[in-house]
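Subject: Structure handover

Hello,

Here is the structure I promised to pass on. Please open it alongside this note.

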Amino acid sequence: MKKFLLFVAVFLLFQQWPTIKDVLYPPKDYSYLPATYVTMYSTEWCGYCAKMRVFMARRNIAYDDLDIEKSAQAKRNFEALGGGGVPLLVVNKEVVRGYNPNLVLHHLDAIELAASTVQD
């Protein structure tokens, strides 16, 4: 019985690790950046778009979310960027294709680095 309970505890820990990790090691807060730095082209039904929304919400990243199925202008902008699939993000004028949180953070940190260089 102890082995079963240990297995269940490890399984639950594994399932909830992203949430537990955020509690133990809080993610960097990007709330100081205006939404103009990040634009996400997405659809309502896209699972990776939903994951990206959760990722950005956990880090307080402000962004413009443009649904390419509901806005003709968003669709034109999406296609002008090369389209291909959603989510497609523009972070600090750099295009990020698909669910790639590390690349998003890299471009956001570049904004902070550039701002600190200008102030020095």
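Which residues lie nearest the centre of the largest pocket? They are Pro18, Phe55, Arg58, Arg59 and Tyr99, out of 17 residues that line the pocket. Keep in mind that this is a predicted model.

**The pocket**

The largest pocket holds about 330 Å³ of space. By class, the lining has ten nonpolar residues, six charged ones and one polar one.

**Salt bridges**

There are four salt bridges in the structure. Side chains of opposite charge can pair when their charged atoms come close.

Lys28 pairs with Asp109, with 3.2 Å between the closest N and O atoms. This pair links distant parts of the chain, 81 residues apart. Lys28 sits in the loop between H2 and strand S1 (38–42), and Asp109 sits in helix H5. How accessible is Lys28? Its relative accessibility is 38%, so Lys28 counts as partly exposed. Asp109 is also partly exposed, at 33%.

Lys70 pairs with Glu44, and here the closest N and O atoms are 2.6 Å apart. Lys70 is in the loop between S2 and helix H4 (72–80), while Glu44 is in the loop between S1 and H3. The pair therefore ties together parts that are 26 residues apart in sequence. Are these two side chains on residues that count as buried or exposed? Lys70 is exposed, because its relative accessibility is 62%. Glu44 is exposed as well, at 58%.

Arg53 and Asp65 meet in a salt bridge with an N to O distance of 2.7 Å. Arg53 lies in helix H3 and Asp65 in strand S2, so this bridge ties together parts twelve residues apart in sequence. Arg53 has a relative accessible area of 23% and is partly exposed. Asp65 is partly exposed too, at 33% relative accessibility.

**Backbone points**

Most residues other than glycine have a negative phi, and most peptide bonds are trans.

The peptide bond from Val86 to Pro87 is cis, with omega near -5°. Pro87 belongs to the loop between H4 and strand S3 (88–91).

Asn60 has a positive phi, near 55°, and is not glycine. Find Asn60 in the loop between H3 and strand S2 (64–67). Asn60 is partly exposed, with a relative accessible area of 40%. Where does Asn60 stand relative to Tyr99? The two are 39 residues apart in sequence and 17 Å apart in space, C-alpha to C-alpha. Tyr99 is one of the residues nearest the pocket centre.

Asn92 also has a positive phi, near 50°. Asn92 is in the loop between S3 and strand S4 (94–97). Its relative accessible area is 28%, so Asn92 counts as partly exposed.

**Surface patch**

Which residues form a nonpolar patch on the surface? The patch consists of Leu13, Trp17, Leu24 and Tyr25. Together they have about 450 Å² of accessible area. Leu13 lies in helix H1 (residues 2–15). Leu13 is partly exposed, because its relative accessible area is 43%.

Best wishes

Terms used: Residues are numbered from 1 along each chain as its sequence is written. This is a predicted model: local features need pLDDT of at least 70, side-chain atom pairs count only at pLDDT 80 or more; totals for chains, interfaces and linings use all residues. Side-chain values use heavy atoms; hydrogens and water are left out. Patches are made of residues with over 30% relative accessible area and no salt bridge: like charges are joined within 9 Å, nonpolar side chains (Val, Leu, Ile, Met, Phe, Trp, Tyr) within 5 Å. Accessible areas come from the Shrake-Rupley method with a 1.4 Å probe; for residues, only the protein chains shown count as cover. A salt bridge is a side-chain nitrogen of Lys or Arg within 4 Å of a carboxyl oxygen of Asp or Glu. Helices (H or I, at least four residues) and strands (E, at least two) are DSSP runs, numbered from the N terminus. Buried means under 20% relative accessible area, exposed over 50%, partly exposed in between (1.4 Å probe, protein chains only). On a 1 Å grid over the protein atoms alone, a cavity is a set of points where a 1.4 Å probe fits but cannot get out, and a pocket is an open set with protein on both sides within 12 Å along at least five of seven lines; lining residues have an atom within 4 Å of a point. Grid points are joined across faces, edges and corners, and a volume is the space filled by probe spheres set on the points. Ala, Val, Leu, Ile, Met, Phe, Trp, Tyr, Cys and Pro count as nonpolar, Asp, Glu, Lys and Arg as charged, and the others, Gly among them, as polar.
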